[in-house]
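Morning, everyone. I will take a few minutes on one model, so please have the picture in view.

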Amino acid sequence: MTSSLESYMNRMVNVVTGDGRIIIGLLKGFDQLINLVIEDAHERSFSETEGVLTTPLGLYIIRGENVPIGAFFPNFLALGRFENFKNECVQTPRRPTK
Amino acid sequence: MLFFSFFKSLVGKDVVVELKNDLSICGTLHSVDQYLNMKLTDITVSDTDRFPHMISVKNCFIRGSVVRFVSFFEWLWVLLTKFGQG
């Protein structure tokens, strides 16, 4: 019944932060404020001209108040799907403003 | 505790969660905790033009503090997918 990130531990997660950034990586830890430890983090950004850009970030700790949504998916699925977005993904601001 | 109990009674039902970043997620409520953090399974997102990274996502965890509202009326989801694109 309790909602916990325990089942996402050591799996690839897709974290959408408060300013709209998308950070992909291996979830290595979390606490009750949903502060997250992400190993081998990458920022994934969508560009109209260059398709999907992936920027390596290294080990990241994301403060809980900045995490709107932690989404989980198998990595291979995401990679396969996201590569197909090159021509379809347009009009997505890299960092949407409020 | 009242709202926590209420959401516990919604577990297993289809709900629409709108986040403060205007992202609306429809899915089956899997679990909820005391902060009203929620886990949804089998999710779909209406505005995939703005949120293309959510298309391949099937399960998600949502921090309670970022939820604007939760609806469990399916007709609202129909409205969102029909008219929420613009």
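I will begin with a hairpin. It is formed by β2(B) and β3(B), with five residues between them. In the turn, look at Leu36(B), which has a positive phi of about 65°. Keep in mind that this is a predicted model.

How do the two strands pair? β2(B) and β3(B) are antiparallel, over six bridges. One pair to find on screen is Cys26(B) with its bridge partner in β3(B), Thr44(B).

Now the next strand along. β3(B) also pairs with β4(B), again in the antiparallel sense, and here there are four bridges. Met38(B) has Ile62(B) in β4(B) as its bridge partner.

Stepping back to the whole chain: chain B has two helices and five strands. Read from the N terminus, the order is α-β-β-β-β-β-α. Of its 86 residues, 33% are buried.

Next, the core. Nonpolar side chains tend to be buried together in soluble globular proteins. The largest nonpolar core here has 32 residues. Which of them touch the most other members? They are Val15(A) and Ile23(A) from chain A, and Val17(B), Ile25(B), Leu40(B) and Ile62(B) from chain B. The elements giving two or more residues to this core include β1 (12-16) of chain A and, in chain B, β3 (38-45) and β4 (59-62).

Let me finish on Leu40(B). Leaving out residues up to four places away in sequence, Leu40(B) touches, among others, Val17(B), Ile25(B), Cys60(B) and Ile62(B).

Methods:
Residues numbered from 1 in each chain as written. Chains lettered and ligands numbered in written order. Predicted model: local features only at pLDDT ≥ 70, side-chain atom pairs only at ≥ 80, totals over all residues. Core = buried A, V, L, I, M, F, W, Y, C linked by C-beta atoms within 7 Å. Buried ≥ 20, exposed ≤ 12 C-beta atoms within 10 Å, placed from the backbone. Contact = placed C-beta atoms within 7 Å. Pairing = 2+ DSSP bridges.
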